[in-house]
Amino acid sequence: MSLHPTLQPYADAWTHSVEAISELVQPLVEGEWNRRTPCPGWSVRDIVSHVIGMDCELLGDPRPIHSLPRDLFHVTNEHQRYMEMQVDVRRHHTAPEMTAELEYTIIRRNRQLRNESRDPGTKVRGPLGTEITLEEAMRYRAFDIWVHEQDLRAALGRPGNLDSPGAQIARDHLLAELPDVVATKADAPRSSAVVFDVHGPLEFLRTIRVDIQGRGTLETAPALGPAATLTLDWETYVRLACGRVTPEAVADRLKTEGDPELAAAILRNFTVTQ
């Protein structure tokens with residue numbers, strides 16, 4: 001038995017991103033591990049700790065028993081507390097300890113993926129003790145690790161991999177959230193359409209159509225006379241959707257046409273993951 005064909009793209013994307021992360025952090029000196037990243041409240045060390053911790057959980061390792069300090073102001077809800085545990089427990093680890101644990105975790109996960117024969121629908125442990133399918137877990141893992149690779153690249157001034165396998169999974173993951181952003185959160189008019197024209201390393205044109213019931217659907221066909229059109233580059237799209245920047249901070253990289261209030265409402269609600 002081997003990895004199910006449905007899961008292979010997620011495994012490939014994870015491998016590509018985790019090896020890029022390893023390559024990025026291997027030569028860092030101690031001080032560089034403390035650099036701030038675009039991920040709120042997290043340093044380079046914190047991102048790598050998160051990567052290690054989440055993969056250890058997929059390996060079935062027990063979560064650390066650890067009390068979080070009270071002064072972590074970026075931790076405001078239960079989900080963030082859950083994610084912070086794997087991070088805070090490693091905050092005083094040295095650079096050699098971090099790279100050694102990362103390498104060991106990569107070896108263990110690669111071995112697990114080589115021997116993975118379960119069906120994509122198999123239930124596995126998700127965040128906060130939830131049950132999700134193996135496919136959902138691997139898809140989200142590929143997305144999450146690519147986004148954090150980009151956080152590290154931004155912090156270290158090493159841009160790249162904006163069109164990698166992980167980038168393509170991130171595109172599909174983020175696009176799946178667009179109907180809810182446009183139709184529900186931004187309350188776009190019924191029987192209208194909003195077009196997103198994205199350029200750069202990943203180029204795509206997508207339309208969100210809102211039906212008479214107010215439900216949004218994602219389409220590849222362009223719309224004639226859309227209520228609003230948003231034009232932006234792929235990197236800016238990711239940074240906005242992942243809560244790394246505000247619309248005001250990247251106004252010079254955004255172009256909107258049509259209903260200005262609708263465009264503003266979409267951008268206000270554009271963040272779908274942090």
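At what angle do helix H2 and helix H4 pack, and how far apart are their axes? Select residues 44–58 for H2 and 95–114 for H4: the angle is about 30 degrees and the axes lie 10 Å apart. H2 is therefore roughly parallel to H4 (angles under 35 degrees count as such). Axes here are lines fitted to C-alpha atoms over the stretch in contact, and angles run from 0 to 180 degrees between N-to-C directions.

The model is predicted: local features need pLDDT of at least 70, side-chain atom pairs count only at pLDDT 80 or more, and totals for chains, interfaces and linings use all residues. Residues are numbered from 1 along each chain as its sequence is written, and side-chain values use heavy atoms, with hydrogens and water left out.

Now move to strand S3, residues 192–199. Six of its eight residues are buried (under 20% relative accessible area, with a 1.4 Å probe and protein chains only). Select S4, residues 204–210, which pairs with S3 in the antiparallel sense over seven bridges (pairing requires at least two DSSP bridges). Val 198 stands opposite Phe 204. Four residues separate the two strands of this hairpin, and Gly 200 in the turn has a positive phi of about 115 degrees.

Finally, select S6, residues 228–233, which runs parallel to S3 and is joined to S3 by six bridges. Here Thr 229 is the bridge partner of Val 195.

Definitions and conventions. Parallel < 35°, antiparallel > 145°, perpendicular 65-115°, else oblique. Buried < 20%, exposed > 50% of the residue type's maximum accessible area, 1.4 Å probe, protein only.
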